[in-house]
Amino acid sequence: MDREPVNQLAENLDSGQLNCKVYALTTRMCAAHRQKLINEIKDRLAQKLPTICVSTPLIEAGVDISFETVYRSVCGLDSIVQAAGRCNRNGERDRGDVYLVLLNKDSEKLDKLREIKWGQKIVLNMLAQKDFDPDSLLQTKVINNYFDHFYQEIDQSELSGYPTSDEGRDIHLADYIEGKQASRDYLQQNSGSELKAFSGSETIAKHFEVIDQETVSVLVPYGKGSDLIALLNSQNYQDSLSEIFKEAQPYLVNVFKNMLRGLIEKEVVYPIEFPFSDREVYAVRDSYYQEESGLNYQIKNSESMIF
């Protein structure tokens, strides 16, 4: 079975040599599963029981939890600040300790994650300065300096201006913020004709996504998720599909679209058919969802296993 680095590290730490409970949190777990583990971790911390949590960046935002010590692989300053927010969050101690760890290139593959690689490079350059104080990372001037360098990296890359394609034309969304480019395009294409109203903001809204939507949700057999999968397969339900799908939200895991075909071919995931409906629902087979690691699979020919 394929193992995420998070699971591998948690297993190594939980080899019996440490007298503590070790948890792994990843986005291969559905929300209900993660929340159950987070509640257990909080209970143990409240009781001052020795606890280690190995997590992907999902714990860096929106999770109100406080550890005595945080270790974070070197990354962009924004993520470091978020991770630091999980350390001594409630002021239980005089100070909390945050350590930055530089992983070797074989352990951390960032070639396809340009923005993360840029952020890591900028932070390493900051830390390499002889007169730089690591304790100053949270100061406003340091954060401003980081983002100045980060946006310089974007300006020098092919990502500058948010390139995309609109009706067969290569455009940059940044040109449409004030409508200037849209005005020029319209006048060039409609010279001599009556000027019609249009909005550059419509072009931006059509193409720009705050969160990349290149994922598909699959229903996992965790907790009530198992009952919902059985119910959908039986097609013997009285509630509307919309109500069932709403109930299923905590039991979904997102996978990349380019991974879905491989998951279906490996019979990790299968589609649930609905007569007289064009809805697409995919379910995970029982043997591929585990209590300690969530969605667990192996696809040898995949280019990326990032979740």
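Guide: Buried, in this predicted model, means under 20% relative accessible area, exposed means over 50%, and partly exposed is in between.

Visitor: Okay, so why is cysteine 20 called buried?

Guide: Cysteine 20 has a relative accessible area of 19%. The cut-off is under 20%, so cysteine 20 counts as buried.

Visitor: And what makes cysteine 30 buried?

Guide: Its relative accessibility is 0%. That is under 20%, so the buried label applies to cysteine 30 too.

Visitor: How many disulfides does the structure hold?

Guide: It holds 0 disulfides. A disulfide would need a pair of cysteine sulfur atoms within 2.5 Å.

Visitor: Let's go to leucine 103. Why is leucine 103 called partly exposed?

Guide: Leucine 103 comes out at 38% relative accessibility. You'll find leucine 103 in the loop between β4 (97–101) and α4 (114–128). Together with Tyr71, Tyr99 and Val101, Leu103 makes a nonpolar surface patch of about 400 Å².

Visitor: Now β10. What makes β7 and β10 a pair?

Guide: Pairing takes at least two bridges. Strand β7 (residues 215–219) is joined to β10 by 2 bridges, so they pair, and they run parallel. Valine 218 has tyrosine 282 as its bridge partner in β10.

Visitor: How do you know that β9 pairs with β10?

Guide: There, 4 bridges do the joining, and strand β9 (residues 269–272) runs antiparallel to β10. Isoleucine 272 stands opposite valine 281.

Visitor: Which residues cover the faces of β10?

Guide: On one side Val281 and Ala283 are buried, and on the other Tyr282 and Val284 are buried, so both faces of β10 (residues 281–284) count as covered.

Notes. Residues numbered from 1 in each chain as written. Predicted model: local features only at pLDDT ≥ 70, side-chain atom pairs only at ≥ 80, totals over all residues. Heavy atoms only, no water. Patch = residues over 30% accessible without salt bridge, like charges linked within 9 Å, V, L, I, M, F, W, Y side chains within 5 Å. Areas by Shrake-Rupley, 256 points an atom, 1.4 Å probe, with all protein chains shown as cover. Salt bridge = Lys/Arg side-chain N within 4 Å of Asp/Glu carboxyl O. Buried < 20%, exposed > 50% of the residue type's maximum accessible area, 1.4 Å probe, protein only.
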